[in-house]
Amino acid sequence: MSALACGPGRAPAGADRHAPARHEADWWGALAAVALALASLGLYLAHNDFPVWFHADEPKKARFVLEGTHDFYHPRLMIRLAEPLAALLGCRTPQQAARLGRSLVAVLGALSVLVLYGLARRTLPQGWAVFAAAVYALSPIQLVHAHYFKEDVPFTLFALLALWALLRLVERPAPVRALGLGLAAGLALGTHYKGVLLAPLAALAIPLAPRGRRRGLLALLAAALLVAGLVFLGINFAGPGTAGLDQLGRGVLADARNVVHGDRVALWPSAYYGGFHLVHSLVPGMGAPTALAAVLAAAALALRWRRAVAVDRLWLLWLALSYGAIELSPFKPFPDFMRYALPCVPALGYLLARGLALLHARLAQWRPLRAVPVLTALVLLGLTSSMAVRDLVHMDEDTRLRARALRERLPGAAVHGHLSWAAPFASSIAEVPRERLRALGVRWVVVSSFEYERYLIARRLPGQHPSVYARARGFEQLFRRPYLEVRPGYRSIGFHNPTVRLIDLGAGAAEGARR
């Protein structure tokens with residue numbers, strides 16, 4: 001029998017007949033999950049020595065680690081974890097601190113693979129649980145973001161732990177289980193403010209508990225919420241380098257303003273019929289076949305809600321909350337809005353495996369067709385992982401390094417279209433008059449798609465701030481000049497491999513001269 005179709009299991013109480021759970025011999029699945037996590041860790045650590053300036057947020061985070069400061073635009077857990085390691089290892093430069101932070105994120109990302117396997121084993125045979133974990137571990141969105149000193153991968157780990165703790169609490173309410181949920185939720189909230197999504201998830205999970213236990217569950221959930229709040233306060237205010245509530249409030253309000261109004265550009269769900277992150281984050285982040293198959297499996301499981309086990313319902317609720325929150329908000333920050341969809345990927349991986357496992361069980365009477373779900377799983381995993389490996393290979397050949405080498409061979413002075421450069425003349429290089437640049441002796445303007453793409457997309461959408469349309473026009477005028485273009489060898493993803501244009505202000509006015 002195929003590894004993905006391993007033997008008979010013992011269904012949990014209340015499960016339907018297609019919900020195999022625990023097997024008597026669980027050792028090989030656990031070993032496979034550990035091997036998968038270790039292999040994933042190796043991939044996450046590979047090519048993580050790129051320059052600290054590649055990622056717009058990493059220089060600031062590296063400074064926080066080295067100086068013991070913070071601005072509270074995000075909670076402090078990531079910095080807290082990195083600070084003692086940096087002191088122990090003697091990190092002195094931002095590059096060293098950033099690489100340490102990336103390595104820490106890689107380890108936490110590998111741990112999340114094990115947690116997802118453990119969660120999946122509550123309803124899935126070993127082979128299908130390993131498949132669910134592999135879809136997540138080897139997806140491009142996970143592999144790429146496990147290379148950045150950012151909160152998204154650690155938040156996903158702690159959110160998975162909170163899901164596990166919530167499920168255990170719903171199954172059998174007990175104070176110690178409420179404590180576990182509070183600790184996990186507090187760590188998630190201490191990593192990213194979107195940990196508040198766990199509160200409505202817990203409320204929606206109350207009907208999943210047996211009727212006679214719901215009142216007691218409500219009290220335990222309130223206690224867990226209190227514990228989560230205390231953990232959050234401890235992470236942000238205990239120990240040296242802390243700040244007052246006013247500084248925390250400014251950071252929270254700044255993040256809230258972005259969520260409500262967007263950052264520079266506002267991408268409302270109506271403009272994309274609620275499918276922006278599906279098309280632009282999950283499809284490139286998982287591969288179109290895998291993402292669409294997972295969405296189809298989720299829809300099929302949602303349609304059988306009344307017959308579904310509590311685990312399936314909880315995953316569906318988490319997927320709806322985590323996707324709905326990022327889709328309804330106009331805050332889809334370029335260049336790497338994809339990272340906000342990362343918490344959806346474990347849910348999609350599980351639901352895809354669950355759907356294929358149910359199909360496999362239903363086809364048990366037709367032996368020639370029983371292999372179809374297994375083969376489908378292998379093909380989808382192969383497609384997803386091959387995309388991730390290609391992204392990893394090209395991370396070491398970033399377009400900005402190639403553009404810099406090209407720029408060094410060109411005559412004349414150059415400026416880079418980074419937002420910080422233009423001050424105090426303007427907030428974007430697109431707003432600086434060409435005549436002023438020429439007067440400063442500038443011949444080349446170097447801009448990347450990380451800066452201009454957001455404006456060229458938003459110019460077609462109504463309701464943007466006037467500065468958005470002004471900058472879009474500025475870039476359009478800039479691109480009428482001759483320019484050299486450095487394109488990614490594979491594709492742009494995350495904070496890697498933007499398209500870079502070197503616009504020649506000193507050449508003739510021949511329009512569209514590009515190479």
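The legends below describe several close-up views of one predicted model.

Residues are numbered from 1 along each chain as its sequence is written, and side-chain values use heavy atoms, with hydrogens and water left out. Because this is a predicted model, local features need pLDDT of at least 70 and side-chain atom pairs count only at pLDDT 80 or more, whereas totals for chains, interfaces and linings use all residues.

**View 1. Confidence along the chain.** The mean pLDDT (the predictor's confidence in each residue, from 0 to 100) is 88 for the chain, and 90% of its residues reach 70 or more. Over residues 1-24 the pLDDT is below 50, and this stretch has 59 contacts (heavy atoms within 4.5 Å) beyond near neighbours in sequence in the model. Residues 508-515 also have pLDDT below 50, with 14 contacts beyond near neighbours in sequence.

View 2. A cavity is a set of points, on a 1 Å grid over the protein atoms alone, where a 1.4 Å probe fits but cannot get out, and lining residues have an atom within 4 Å of a point. Grid points are joined across faces, edges and corners, and a volume is the space filled by probe spheres set on the points. By this rule there are 3 cavities of 30 Å³ or more, and the largest cavity holds about 50 Å³ of space. Its lining is formed by Leu119, Leu163, Leu167, Val311, Leu314 and Trp315. Two or more of these residues come from each of helix H7 (152-171) and helix H14 (310-328), and H14 gives the largest share, 3 residues. Helices (H or I, at least four residues) and strands (E, at least two) are DSSP runs, numbered from the N terminus.

**View 3. The open sheet of 4 strands.** The strands follow the order E1-E2-E4-E3, with mixed pairing, where two strands pair if DSSP finds at least two bridges between them. Strand E1 (413-416) and strand E3 (483-486) stand at the edges with a single partner strand each, so one side of each is left without a neighbour in the sheet. From one strand to the next the twist averages 20°. E1 and strand E2 (residues 442-448) run parallel and are joined by 4 bridges, and Ala414 stands opposite Trp444 in E2.

**View 4. Helices against the sheet.** Axes are lines fitted to C-alpha atoms, for helices over the stretch in contact, and angles run from 0 to 180 degrees between N-to-C directions. Helix H17 (residues 399-408) packs on the sheet, where H17 touches E1, E2, E3 and strand E4 (500-504), and its direction makes about 25° with that of E4. Helix H20 (residues 449-458) lies across E2 and E4, running at about 70° to E2.

**View 5. Backbone details in two loops.** Phe334 and Pro335 are joined by a cis peptide bond, with omega about 5°, and Pro335 is in the loop between H14 and helix H15 (344-362).

Key:
1 Å grid on protein atoms, 1.4 Å probe; cavity = no way out; pocket = protein on both sides within 12 Å on 5 of 7 lines; lining within 4 Å.
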